[in-house]
Amino acid sequence: MSDIRHSLLRRDALSAAKEVLYHLDIYFSSQLQNTAVPIVDKGTIELVEEFVFHVPKDRNVQPKRMSSLQELQLLEIMCSYFQEQSKDAVRQIIFSALFSPQGNKADDNRMAMLGKLVSMAVAVCRVPILECAASWLQRTHSIYCVRLAKVLVDDYCSLVPGSVQTLKQIFSASPRFCCQFITAVTALYDLSTEDLTPPHDLLEMVVTWIFDDPRLTLITFLNTPISANLPLGCLDLTPVVGLVRWCVKSSLAYKRNRKPSLTNGHANKLSKEQVEIDRDRDSQSLYSKLHLSVLQVLMILQVHLTEKNLYGRLGLLLFEHVAQLVEELGRLVDELNPLNATKETELSLDRLAQALQVAVASGALLCTREDLRSLCSRLPHNNLLQLVLSGPVQQPAPPAFQPGFYPHIHTPPLAYPAHPARPAPAALPTHPVHPAHNAHPVHNAHPVPTFLPGMAFSYRPIR
């Protein structure tokens, strides 16, 4: 690598970056012929950081900078390379060598280049890059994953109106990337503040994706070996946790974000406020649709857990996540006076109860009702949540049939005792036997009318 470095120092920034990409292809292609898992050594990483991301190894060396045009040309070269490279293993290892964070000062440049490359891949629908990005999102720390998600949301949901349609179209091109993208944006937008509320275009796109195909959220889980050791701090296997958080907290979060009306006689303020109210109403309709889809995902998950013999053994909705959600919900309820947000509080608690009920029944959440009762004890009273936490009341069956005891069809109140058996009534006296009646005389049989086939049947229809 030292010889390559000396030759690269004499080149311009764009030419050196192209040469590094060329050497990486040769180096890892030869390694893959001998081993299934190539090693990205320190020398390779330093070469990439110095000539692709322009962080010099020697502090005394002036770093080379590419112009905006050269940077665009380099992105086009990368797009073409990953599109033309036919071996997925080579693509994955080179993508990892280029963009895996190293915890140093080169990570800012690395993340900036990655955001631009993935954004370009979305615009021109480069599926190999999207697949590499999906793998990167799965094995990288969530701090970097939400940074990439924020870049894509800004590019396609905030900067240019209507550009979200371009992002929406990758649903059919790379479902695996869409699954990881949903997991990243639900981790980014946790509804803790107004700035961390998902934009309307993003929300509508995510709801449309999941409503059209609920199995989209399970792609990473279904294609990841259970024995795989995922790095600490990485994204969850499914976006279910984040989606449940969106559904449960949305009504209260939007109520908190809504500013009090200050008219002061200005009609434009009234119209702007009405637009915000209409937008919030549309968003709440989307959250209701999303809540239904999430419940469907949990029921589908039960089938896959049973097929993999993991039902009751692997919980994808961890109890720690539920505890964090309940704590956030409690703070949100305290922040909003419950008397001023009764309807929103009731809706949030109803959705929480439904999510907990289906998650426990499907095996996605492994805990006891006693744990849930203790966890939700500080939340306001809610009839549905109380019913879910109490569980079904079952009356033990009697040991044997007892005279006078009839098993209840419905569960009786617990305070009512069973009625004791009543004594059998006394025998009634027998009636006297009456004498037999005389037989009636036999009457003569009536003559049978003769059938005349030639006689017409007098039938006249009603007019």
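Author: In this predicted model, the crossing of helices H2 and H4 is right-handed. The residues that make the contact are, on the H2 side, Leu 14, Ala 17, Lys 18, Leu 21 and Asp 25, and on the H4 side, Gln 70, Gln 73, Leu 74, Ile 77, Met 78 and Tyr 81. Sorted by class, this contact of H2 with H4 has 7 nonpolar, 2 polar and 2 charged residues.

Next, the geometry. H2 covers residues 13-32 and H4 covers residues 68-84; their axes come within 10 Å and cross at roughly 20 degrees. Angles under 35 degrees count as roughly parallel, and H2 and H4 are therefore roughly parallel to each other.

A search of the whole structure finds 9 aromatic pairs. One of them joins Phe 177 and Phe 181: the ring centres lie 6.2 Å apart and the planes are at 20 degrees, so this pair is stacked. The cut-off behind that word is planes under 30 degrees apart. Phe 177 and Phe 181 sit in helix H11, residues 175-188, and because they are 4 residues apart there, about one helical turn separates them. Phe 177 and Phe 181 are both buried.

Terms used: Residues numbered from 1 in each chain as written. Predicted model: local features only at pLDDT ≥ 70, side-chain atom pairs only at ≥ 80, totals over all residues. Heavy atoms only, no water. Axes fitted to C-alpha atoms, helices over the stretch in contact; angles between N-to-C directions. Helix = DSSP H or I, 4+ residues; strand = E, 2+ residues; numbered from the N terminus. Parallel < 35°, antiparallel > 145°, perpendicular 65-115°, else oblique. Left-handed = near helix turned anticlockwise from the far one by under 90°. Contact = heavy atoms within 4.5 Å. Nonpolar A, V, L, I, M, F, W, Y, C, P; charged D, E, K, R; others polar. Phe/Tyr/Trp six-rings, centres within 6.5 Å; stacked < 30°, edge-to-face > 60°. Buried < 20%, exposed > 50% of the residue type's maximum accessible area, 1.4 Å probe, protein only.
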